[in-house]
Amino acid sequence: MYKQLEIRWVNLDPTRGAETQKKRPCVIIQSNLVNKGTRTVIVAPILPGHKNWPFVVNVKPSQLNGLDKDRHINLKQLRVVDVSRIDNLQGCFEASYLKQIKIALKIIFGSALS
C-alpha cells in the first residue's frame, strides 16, 4: 500500500502537450484510506527549484525526504496513475507539508473544496 506524502519515482510517459514528462519523483496525494486496495493513485510531480506560484509547495531537502536540492511540488499537474507506473520509494515528506498542499489544492479547485 502506498502512503500519503510518500515520494515515489513515477513514469509519467507517455504525455501530451504541457504535461510533466518522464520518470521523476512524485508525492502521493490521496489519503491512506483511499490508497487501500486501489489500482490508481493520485500523485503530483516534484520539480527542480523554487517557484512563487500559489499552486506549488516549495520543499527543502531533508534526511526524511531524501531530496538532493530545493524543489517544488506542482499541484496544478496532479495525475491519476495506475500503480504499474509507480516505482521505488525516495522518501517521505514531513507532515507539516500537508497543510501547505491542502492550501494549494484549495487555490486550484476554488470553492469546490470550501
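This is a predicted model: local features need pLDDT of at least 70, side-chain atom pairs count only at pLDDT 80 or more; totals for chains, interfaces and linings use all residues.

Me: How many salt bridges does the rule give?

Reply: A salt bridge here is a side-chain nitrogen of Lys or Arg within 4 Å of a carboxyl oxygen of Asp or Glu. The count is five salt bridges. One of them joins glutamate 6 and arginine 8, with the closest N and O atoms 3.1 Å apart.

Me: Is glutamate 6 buried or exposed?

Reply: Buried means under 20% relative accessible area, exposed means over 50%, and partly exposed lies in between (1.4 Å probe, protein chains only). Glutamate 6 has a relative accessible area of 10%, so it is buried. Arginine 8 is buried too, at 15%.

Me: Which residue does lysine 23 form a salt bridge with?

Reply: Its partner is aspartate 87, and the closest N and O atoms are 2.6 Å apart. The pair links distant parts of the chain, 64 residues apart: lysine 23 is in strand 2 (residues 23-28) and aspartate 87 in strand 7 (residues 86-92). Strands are DSSP runs of E with at least two residues, and helices are runs of H or I with at least four, numbered from the N terminus. Lysine 23 is partly exposed at 40%, and aspartate 87 is partly exposed at 32%.

Me: What about the salt bridge of aspartate 68 and arginine 71?

Reply: Their side chains meet at 2.9 Å, N to O. Aspartate 68 is exposed, with a relative accessible area of 59%, whereas arginine 71 is buried at 12%.

Me: Where does glutamine 77 lie?

Reply: Glutamine 77 is in the loop between strand 5 (71-74) and strand 6 (79-82), and its relative accessible area of 17% makes it buried. Contact means heavy atoms within 4.5 Å. Setting aside neighbours within four places in sequence, glutamine 77 is in contact with Ala18, Glu19, Thr20, Val43 and Pro45. A polar atom of its side chain lies 3.4 Å from the backbone oxygen of alanine 18.

Me: How should I read aromatic pairs?

Reply: A pair of aromatic rings is described by the distance of the centres and the angle of the planes. Rings of Phe, Tyr and Trp (its six-membered ring) pair if their centres lie within 6.5 Å; planes under 30 degrees apart count as stacked, over 60 as edge-to-face and the rest as tilted. The count here is two aromatic pairs. Tryptophan 53 and phenylalanine 55 have ring centres 5.5 Å apart and planes at 25 degrees, so they are stacked. For phenylalanine 93 and tyrosine 97, the centres are 5.3 Å apart and the planes at 65 degrees, so that pair is edge-to-face. Phenylalanine 93 and tyrosine 97 are both buried.

Me: And the backbone angles?

Reply: Most residues other than glycine have a negative phi, and most peptide bonds are trans. In this model, a cis peptide bond joins aspartate 13 and proline 14, with omega about 5 degrees. Proline 14 is in the loop between strand 1 (6-11) and strand 2. Leucine 5 has a positive phi near 80 degrees and lies in the segment before strand 1. Lysine 22 has a positive phi of about 65 degrees, and is found in the loop between strand 1 and strand 2.

Definitions and conventions: Residues are numbered from 1 along each chain as its sequence is written. Side-chain values use heavy atoms; hydrogens and water are left out. A polar contact is a pair of N or O atoms within 3.5 Å; within protein, one must be able to donate a hydrogen and the other to accept it, and residues adjacent in sequence count only if both atoms are side-chain atoms.
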